[in-house]
Amino acid sequence: MTIPEAAQLVIQAGAMAGGGEVFVLDMGEPIRIVDLAHKMISLSGLSVRSVDKPFGDIEIHITGLRPGEKLYEELLIGDNHQKTIHPKIMKAQEEFIVWPELKLHLECLKEYLAADNIVDSRELLLQLVNGYKPNSEIVDWVYLAKTN
């Protein structure tokens, strides 16, 4: 999807809004980042350096995922969205915590973070964020330095 197409969808979603809704846009099929890199290099008039083309202009080096990085982005937790009058705009039905309760939790989280209490911060996030399931142990260099 091009930037103008995405901008047009955002404007149309804004026109549908009554207040407080969350809209999700159908941005089309995902593309592989390596394919995008190849295309951008080619469109710049350059060539990719590889085993087959050792004299290319730019080498693409794949480093792999770092802790916390994802292969794809989930825009919604669950599959509970509604269609709208536009086929590429959906309205999300997300769970939420009412503001007075959330405000108390945020104050607690702020205190945990100010005290570098990473364990309790993570535990609070696990309770508050539906679908938050970290796939590794704590990866915070300051926290790890203090515990070792």
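These questions and answers go through a predicted model of one chain.

Trainee: What pattern does the chain follow along the sequence?
Mentor: The secondary structure comes to 5 helices and 5 strands. Read in sequence order, these give α-β-α-β-β-β-β-α-α-α.

Trainee: Is the chain a compact globule or more spread out?
Mentor: The globule rule gives 15 Å for 148 residues. The radius of gyration of the chain is 22 Å, well over that value, so the chain is more spread out than a compact globule.

Trainee: What box do the C-alpha atoms fill?
Mentor: The box is taken along the principal axes. Its dimensions are roughly 60 × 55 × 25 Å.

Trainee: What percentage of the residues in the chain is buried?
Mentor: A residue counts as buried when its relative accessible area is under 20%. Among the 148 residues of the chain, the buried share is 13%.

Trainee: Where around the axis of H4 do its buried residues lie?
Mentor: Helix H4 spans residues 118-128, and Ile118, Ser121, Arg122 and Leu124 are buried there. These residues cover an arc of only 160° around the axis, which puts them on the same side of H4. An α-helix has 3.6 residues a turn, so residues three or four places apart point the same way.

Trainee: Which residues are closest to the centre of the largest pocket?
Mentor: This pocket has a volume of about 890 Å³. Its lining has 15 nonpolar, 4 polar and 6 charged residues. Of the 25 lining residues, the closest to the centre are Pro30, Ile31, Arg32, Ile33 and Leu71.

Terms used. Residues numbered from 1 in each chain as written. Predicted model: local features only at pLDDT ≥ 70, side-chain atom pairs only at ≥ 80, totals over all residues. Heavy atoms only, no water. 1 Å grid on protein atoms, 1.4 Å probe; cavity = no way out; pocket = protein on both sides within 12 Å on 5 of 7 lines; lining within 4 Å. Points joined across faces, edges and corners; volume = space filled by probe spheres on them. Nonpolar A, V, L, I, M, F, W, Y, C, P; charged D, E, K, R; others polar. Buried < 20%, exposed > 50% of the residue type's maximum accessible area, 1.4 Å probe, protein only. Helix = DSSP H or I, 4+ residues; strand = E, 2+ residues; numbered from the N terminus. Arc of directions from axis to C-beta. Rg over C-alpha atoms; globule rule 2.2 N^0.38 Å.
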